[in-house]
Amino acid sequence: MFFNYFTINIIYLESKINIPKSFFSFLIASFFIWLLINLSKEYTTVVSYSLVYEKLPRNKVFQEKPLNELDIQIKASGFKLLSAKFHNRNVLFYLDKIKQTTDGRYYILPKTQEDIVQKQLYKGLRLDKILKDTVFLKLGELASKKVPVIANVKIDFNHGYDMVSPIKILPDSVFISGPKLQLDKINKIKTKELKLENVLENQEE
């Protein structure tokens, strides 16, 4: 039996393209020029700001967490928009002039706050408009009341020992304040749980 061996030689041809260094310098310079031109243009964009409330009437209190983020449409150059990303993103709303609907709901019109908001924006940003036309707030009357304090104590006495008089709590009651609707549901306050083991003498905690 005869075997034929074939040898195949594959020759790889490599071609080298020499690119001048000046080409890369020109490319980088062109990119920065393009970037500067685009950042110099004026843009209109929407930015989300954290909403902080101040000047709430003294006899009012939030019953639920209010809206905490507001979308604002602003105009500015690309440079200013880029810089604004690294600065404060909070805006204040003043509630000293809140309004009330016929069914008792409270609200504020963001449009009435535009001058106040503009003064808080980063220098160079111009307020175009606030995208939300009405912010509703669930407010309640601020009230106070006195409620008893209840001891939340678990006692394990030593053999032959027991309690000879009720647990004494100081203070035996506290004043609490908040929205009236929530206060009406609270009739007592419990202490943090306390566990006492192998008790054979008076304890004070």
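A nonpolar surface patch of about 230 Å² is formed by Ile155, Met163 and Ile167, where patches are built from residues with over 30% relative accessible area and no salt bridge, like charges being joined within 9 Å and nonpolar side chains (Val, Leu, Ile, Met, Phe, Trp, Tyr) within 5 Å. A salt bridge is a side-chain nitrogen of Lys or Arg within 4 Å of a carboxyl oxygen of Asp or Glu, and accessible areas come from the Shrake-Rupley method with a 1.4 Å probe, only the protein chains shown counting as cover for residues. Met163 is found in the loop between strand 10 (153–157) and strand 11 (173–179), and with 40% relative accessibility Met163 counts as partly exposed; buried means under 20% relative accessible area, exposed over 50%, and partly exposed in between (1.4 Å probe, protein chains only).

The model is predicted, so that local features need pLDDT of at least 70 and side-chain atom pairs count only at pLDDT 80 or more, whereas totals for chains, interfaces and linings use all residues. Residues are numbered from 1 along each chain as its sequence is written, and side-chain values use heavy atoms, with hydrogens and water left out.

The protein contains 4 helices and 13 strands, which are DSSP runs numbered from the N terminus (helices: H or I, at least four residues; strands: E, at least two). Of its 205 residues, 22% are buried, and the protein exposes about 16700 Å², of which carbon and sulfur atoms supply 55%. Among contacts (heavy atoms within 4.5 Å) with a separation of 6 or more, 77% involve residues 24 or more positions apart.

In the segment after strand 13 (194–199) lies Leu200, which is partly exposed at a relative accessible area of 40%. Leu200 touches Asn158 and Tyr161, when residues up to four places away in sequence are not counted, and its C-alpha atom is separated by 8.1 Å from that of Asp162, 38 residues apart along the chain.

Two aromatic pairs are present, a pair being rings of Phe, Tyr and Trp (its six-membered ring) with centres within 6.5 Å, and planes under 30 degrees apart counting as stacked, over 60 as edge-to-face and the rest as tilted. The ring centres of Tyr107 and Phe136 are 6.2 Å apart and their planes stand at 55°, so this pair is tilted. Because Tyr107 belongs to strand 6 (residues 106–108) and Phe136 to strand 8 (residues 135–137), the pair ties together parts that are 29 residues apart in sequence. Tyr107 is buried, at 19% relative accessibility, whereas Phe136 is partly exposed, at 43%.
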